[in-house]
Amino acid sequence: MPIKSIGEYRFRPLDLQENFHGNQLLYVGWDRHLMFCSPFALLVPPSQSFADFLEQVLHPAIAPHPDSAKVDLRNITWYLNDEPFQPNLFASLEANGLRHKDMLRMVTPGLDGIAGSCS
């Protein structure tokens with residue numbers, strides 16, 4: 001099917017970090033847990049420590065999943081934009097290299113969703 005161009009589409013994106021009042025978007029996906037069908041879009045301050053992010057933001061976000069109570073936050077395999085990532089728990093998100101609209105994925109060894117179904 002042929003496609004006809006309507007011309008160049010120019011616009012200023014509305015999701016620039018400057019529009020989030022000092023915060024940034026961070027996308028977080030939980031591999032093998034498709035009860036959450038897409039990554040979380042979380043609004044976080046870049047100055048927040050990674051440990052505080054886990055306890056105050058991520059843990060409450062995944063709490064509805066039955067596996068969440070079994071997650072060992074110290075034993076997670078992390079990927080940042082599809083590259084292996086080892087966070088410093090005591091450093092800020094910014095110091096850990098997490099930027100606006102980055103994609104963080106977590107793999108929780110031994111947890112494969114509800115009854116091992118990846119959901």
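Where is H100 found, relative to β4 and β5? H100 sits in the loop between β4 and β5; more on it in point 6.

Ground rules before the points. This is a predicted model, in which local features need pLDDT of at least 70 and side-chain atom pairs count only at pLDDT 80 or more, while totals for chains, interfaces and linings use all residues. Numbering runs from 1 along each chain as its sequence is written, and side-chain values use heavy atoms, with hydrogens and water left out.

1. The sheet. Five strands make an open sheet in the order β2-β1-β5-β3-β4, with mixed pairing. (Helices, H or I with at least four residues, and strands, E with at least two, are DSSP runs numbered from the N terminus; two strands pair if DSSP finds at least two bridges between them.) β2 and β4 (83–85) are at the edges with a single partner strand each, so one side of each has no neighbour in the sheet. On average, neighbouring strands are turned by 35° against each other, direction ignored. Axes here are lines fitted to C-alpha atoms, for helices over the stretch in contact, and angles run from 0 to 180 degrees between N-to-C directions.

2. Strand pairs. As background, strands of a sheet pair through backbone hydrogen bonds, either parallel or antiparallel. β1 and β2 are antiparallel, with 5 bridges, and V28 has F40 in β2 as its bridge partner. β3 and β5 also run antiparallel, joined by 4 bridges; T77 stands opposite V107 in β5. Between β3 and β4 there are 3 bridges, again antiparallel, with L80 partnered by E83 in β4. β3 and β4 form a hairpin with 2 residues between them, and N81 in that turn has a positive phi of about 50°.

3. The two faces of β3. Buried means under 20% relative accessible area, exposed means over 50%, and partly exposed is in between (1.4 Å probe, protein chains only).

4. What does α1 pack on? α1 packs on the sheet and touches β1, β2, β3, β4 and β5, its direction making about 140° with that of β2. Contact means heavy atoms within 4.5 Å. The buried residues of α1 are F50, F53, L54, V57, L58, A61 and I62, and they pack against β1, β2, β3, β4 and β5.

5. The core. The largest nonpolar core has 25 residues, and F50, F53, L58, W78 and L104 touch the most other members. Elements giving two or more residues to this core are β1 (24–30), β2 (40–44), α1 (50–62), β3 (77–80) and β5 (102–107). α1 gives the most, with 7 residues. A nonpolar core is a set of buried Ala, Val, Leu, Ile, Met, Phe, Trp, Tyr and Cys residues joined through side-chain atoms within 4.5 Å. For F53, the contacts are L26, V28, L42, V44, Q48, L58, L93 and L104, not counting residues up to four places away in sequence.

6. Back to H100. At 18% relative accessibility, H100 counts as buried. The H100 side chain reaches two backbone nitrogens: that of L25 at 3.1 Å and that of Q17 at 3.4 Å. Leaving out residues up to four places away in sequence, H100 touches D15, L16, Q17, F20, Q24 and L25.

7. Exposed residues outside the strands. H21, in the segment before β1, has a positive phi of about 55° although it is not a glycine, and H21 is exposed at 75% relative accessible area. A115, in the segment after β5, is another non-glycine with a positive phi, about 50°; A115 is exposed at 84%. R10 belongs to the segment before β1 and is exposed at 67%. A polar contact of 2.9 Å joins the side chains of R10 and E8. (A polar contact is a pair of N or O atoms within 3.5 Å; within protein, one must be able to donate a hydrogen and the other to accept it, and residues adjacent in sequence count only if both atoms are side-chain atoms.)
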